[in-house]
Amino acid sequence: MASCQIDQVSVFDVRYPLPPGAGSDAVHTNPEYCLAVTQLRTAQSSLAGTGFALTLGAGNRLVCDAIRLLARSLQGQPIEELMAGFGAVAKKMADDPELRWLGPHKGVIHLALASITNACFDLWARSRSVPLWRLLLDLTPEQVVRLLDLSYLDEVLDENAALDLLRRNLITRGEREAILAAGYPGYDTSVGWLAYTDEKVSELTRRALDQGFSALKLKVGSADPARDLRRAAVLREAAGDAASIMFDANQQWTVPVARQMCAQLARLSPRWIEEPTHPDDLMGHVTLARELMPVKIATGEHIPNRVVFKNFMQAGAMHYVQADCTRLAGVSEFLTVSMLATQLGLPVVPHVGDMGQIHQHLVLFNHIALGHHLLFLEHIPHLHQHFEFPARVEGGRYRTPQEPGASTALRDPFAHSVA
């Protein structure tokens, strides 16, 4: 275990252009994948921890500015001391008396906290020379709980309930550790970007099936509803009856339109319909979740914090929890939401604003330590070549990473950063 303290905080506004049509959806029509990167450097051990949050363009600069403001308190902190009580550290940063007003606990400030927190976890795992999933599994229940900010969750998940949940599942961990050798199942999002033609969707779907994927997702929410229905039928025909398919409206529809579209898409037996309306519309999601059964609702990639997730879960507004550690305040709040979902009996299927790099570690923890059912993890390959240790997906499964850290280190952030 390397003894190290944080001696330097660097911030990079990193931007990667995408191939034509890639990343497009009903709202984000011409995206650029941008990472607001935090790098925590140590002088005595030459280690560096990297974290990031995802944005889609010029707003990346705002997140980088917020990182610079929030990360100042980390300077000079030994990483082991910092992480021993990280829940309190995270709460203090989130409740910064000058910056909290801008949220609270959402938007630019929260994205900055995600980047900072993810860098802390990466450095911690690197300093212990283990992958993040192993570090988390080796912690005692008490140590895990000290990573979390459970404030505002007391009536559902307090410290005692969190400890009980972890201890209860500790006994049966061995029954679930086979996943480390088998690999975690993935599903392919990149077959169905909104700008892709019918022919390209069909071709990419067949290619994904040949690569071992058994679940695929299509973007919907076109200006022409008939186009959505036609493309959805193309996906189902190319995928066959055995594969799982999902549809993602990316918040485009109003509730009345969502009612109509989801009812028609239901004929194709989707596993879920994702973000069918505005992500803040709790009662809209409640209405759709009740009226459209057995169609299931998935949402969460734009739900900013654990409190809003609590509200959606308790209200019956979602069936699949799509928490994302680059939208929430990093790994710590992701774990909190995962435990909350466990407590309330809902599955977590992350949205991967990190391209699956960090979440490949976190789903292993969720399955082994929390007893989550084995589902699948979204796969988006577009930034694969830019990571030092890109996620390996073979035969439709994420292979368990063995390199130290959270798989967040970038090959050359300087080359793609904006001055």
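Phe 121 and Trp 124 sit three residues apart in helix α4 (residues 107-127), so about one helical turn separates them. This is a predicted model. Both residues are buried: Phe 121 and Trp 124.

## Aromatic pairs across the model

The count of aromatic pairs comes to seven. One of them joins Phe 52 and Phe 387. Their ring centres lie 5.9 Å apart, with 35° between the planes, and the pair is tilted. Phe 52 belongs to strand β3 (residues 48-55), while Phe 387 is in the loop between β10 (377-379) and β11 (393-394), so the pair ties together parts that are 335 residues apart in sequence. Phe 52 and Phe 387 are both buried.

Phe 121 and Trp 124 make an edge-to-face pair. Here the centre-to-centre distance is 6.1 Å and the planes are 70° apart.

## Cluster and charge over a ring

Four residues form one aromatic cluster: Tyr 187, Trp 272, Tyr 320 and Phe 376.

The charged end of Lys 200 sits over the Tyr 196 ring, 4.3 Å from the ring centre.

## Helix α7 against helix α14

Helix α7 (residues 159-170) and helix α14 (residues 330-343) have axes that come within 11 Å and cross at roughly 80°.

From α7, the contact uses Ala 161, Ala 162, Leu 165 and Leu 166. From α14, Met 339, Thr 342 and Gln 343 take part. The residues of this contact divide into five nonpolar and two polar, with no charged residue.

Definitions and conventions
Residues numbered from 1 in each chain as written. Predicted model: local features only at pLDDT ≥ 70, side-chain atom pairs only at ≥ 80, totals over all residues. Heavy atoms only, no water. Phe/Tyr/Trp six-rings, centres within 6.5 Å; stacked < 30°, edge-to-face > 60°. Helix = DSSP H or I, 4+ residues; strand = E, 2+ residues; numbered from the N terminus. Buried < 20%, exposed > 50% of the residue type's maximum accessible area, 1.4 Å probe, protein only. Lys NZ or Arg CZ within 6 Å of the ring centre and 35° of its normal. Axes fitted to C-alpha atoms, helices over the stretch in contact; angles between N-to-C directions. Contact = heavy atoms within 4.5 Å. Nonpolar A, V, L, I, M, F, W, Y, C, P; charged D, E, K, R; others polar.
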